[in-house]
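These are my notebook entries on a predicted model. I record what I looked up, one topic at a time.

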2 protein chains.
Amino acid sequence: MPVDVLKALANDRRLHILDWLKDPTRHFPPQVDGDLEQDGVCALFIAEKLGMSQPSAGEHLKVLSQAGLIQGRRIKQWVFYRRDERRIAEVRGLLAEL
Amino acid sequence: MPVDVLKALANDRRLHILDWLKDPTRHFPPQVDGDLEQDGVCALFIAEKLGMSQPSAGEHLKVLSQAGLIQGRRIKQWVFYRRDERRIAEVRGLLAEL
């Protein structure tokens with residue numbers, strides 16, 4: 001069992017991010033650069049929705065990325081995040097063996 | 001999603017305890033008081049298998065108990081622990097919605 005993934009999940013804000021990214025159109029405004037569904041959600045929007053500074057939100061995004069649960073993609077000067085559904089399915093499988 | 005349960009799970013030693021308690025007979029020696037399968041495993045045996053002092057092991061057992069993942073039962077001066085399979089199944093269900 002990957003303890004690091006569990007640690008990444010064991011935080012309300014990170015669970016919210018994962019949940020919001022399931023349905024970006026519902027949770028975030030349209031973006032000028034980067035399609036919400038295709039390219040992911042700009043880190044700025046995620047920070048705003050969390051009500052956190054960019055660096056603090058960035059820490060949470062980093063933890064989720066390092067656990068492989070989301071993937072970031074740079075477009076111009078921004079990073080856009082999407083869920084990594086393959087990895088999340090893998091984690092669900094592992095957790096099913098609890 | 002219950003963050004407290006994820007925090008309880010996000011620890012190698014606690015994951016080991018949960019795993020050992022799936023099949024106590026395989027992982028622990030027979031007990032004089034309390035049947036391994038019926039009554040659970042004595043906290044002393046769990047501490048020994050973890051290679052930890054009783055108070056340190058007790059902390060992990062407390063976290064798991066508070067999250068509802070295991071249940072303790074006092075017999076004489078000892079506490080015996082079993083998995084709470086109903087609660088664990090509930091948690092698996094929640095994690096399946098990740």
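**Entry 1: How the two copies are related**

I superposed the copies and found that chain B can be laid on chain A with an RMSD of 0.0 Å, by a turn of 180° and a shift of 0.0 Å along the axis. The two copies are thus related as by a two-fold rotation axis. I then compared the surfaces through which they meet. Of the interface residues of chain B, 100% are also interface residues in chain A, so the copies meet through the same surface.

**Entry 2: The contact between the chains**

I looked up how many residues each chain gives to the contact. Chain B gives 18 residues and chain A gives 18 residues. Together, chain B and chain A bury about 1500 Å², and 74% of this area is on carbon and sulfur atoms.

Which elements give two or more residues to the side of chain B that touches chain A? I noted helix H1 (3–9), helix H2 (12–20) and helix H7 (85–95) of chain B. The residues on this side of chain B divide into 11 nonpolar, one polar and six charged.

How many salt bridges does the rule find across the interface of chain B and chain A? The rule finds zero.

**Entry 3: Arg92 of chain B**

I next examined one residue of chain B. Arg92(B) is found in helix H7 of chain B. Its relative accessibility is 27%, so I list Arg92(B) as partly exposed. Leaving aside residues up to four places away in sequence, Arg92(B) touches Leu95(A), Ala96(A) and Leu98(A), and also Arg83(B). The side chain of Arg92(B) reaches the backbone oxygen of Leu98(A) at 2.9 Å.

**Entry 4: Helix H2 of chain A**

I looked up the start of helix H2 and then its buried residues. Asn11(A) caps the N-terminal end of H2(A), with a side-chain oxygen 2.9 Å from the backbone nitrogen of Arg13(A). In helix H2 (residues 12–20) of chain A, the buried residues are Arg14(A), Leu15(A), Ile17(A), Leu18(A) and Trp20(A). For background, I noted that an α-helix has 3.6 residues a turn, so residues three or four places apart point the same way.

Side chains of opposite charge can pair when their charged atoms come close.

The side chains of Asp39(A) and Arg73(A) meet in a salt bridge, at 2.7 Å from N to O. Asp39(A) lies in helix H4 of chain A and Arg73(A) in strand E2 of chain A, so the pair ties together parts that are 34 residues apart in sequence. Is Asp39(A) buried or exposed? At 15% relative accessibility, I count Asp39(A) as buried. Arg73(A) is partly exposed, its relative accessible area being 44%.

I also found a polar atom of the Asp39(A) side chain 2.5 Å from the backbone nitrogen of Asp35(A). Not counting residues up to four places away in sequence, Asp39(A) touches several residues, including Gly34(A), Ile75(A), Phe80(A) and Tyr81(A).

**Entry 5: Glu85 and Arg83 of chain A**

Glu85(A) forms a salt bridge with Arg83(A), and the closest N and O atoms are 2.6 Å apart. Glu85(A) counts as partly exposed at 41% relative accessibility, whereas Arg83(A) counts as buried at 7%.

**Entry 6: Lys76 in both chains**

Most residues other than glycine have a negative phi, and most peptide bonds are trans. The phi of Lys76(A), however, is near 50°, a positive value, and the phi of Lys76(B) is near 50°, also positive.

Where is the place of Lys76(A)? I located Lys76(A) in the loop between strand E2 (70–75) and strand E3 (78–83) of chain A. Lys76(A) is exposed, with a relative accessible area of 58%, and Lys76(B) counts as exposed at 57%.

In chain B, the side chains of Lys76(B) and Asp33(B) meet in a salt bridge, at 2.8 Å from N to O. Lys76(B) lies in the loop between E2 and E3 of chain B, and Asp33(B) in the loop between helix H3 (24–27) and helix H4 (36–39) of chain B, so the pair ties together parts that are 43 residues apart in sequence. Asp33(B) is buried, with a relative accessible area of 19%.

Key. Residues numbered from 1 in each chain as written. Chains lettered and ligands numbered in written order. Predicted model: local features only at pLDDT ≥ 70, side-chain atom pairs only at ≥ 80, totals over all residues. Heavy atoms only, no water. Contact = heavy atoms within 4.5 Å. Buried area = accessible area lost by both parts, 1.4 Å probe. Salt bridge = Lys/Arg side-chain N within 4 Å of Asp/Glu carboxyl O. Helix = DSSP H or I, 4+ residues; strand = E, 2+ residues; numbered from the N terminus. Nonpolar A, V, L, I, M, F, W, Y, C, P; charged D, E, K, R; others polar. Least-squares fit on C-alpha atoms with pLDDT ≥ 70 in both. Buried < 20%, exposed > 50% of the residue type's maximum accessible area, 1.4 Å probe, protein only. Polar contact = N/O pair within 3.5 Å; in protein donor to acceptor, adjacent residues only side chain to side chain.
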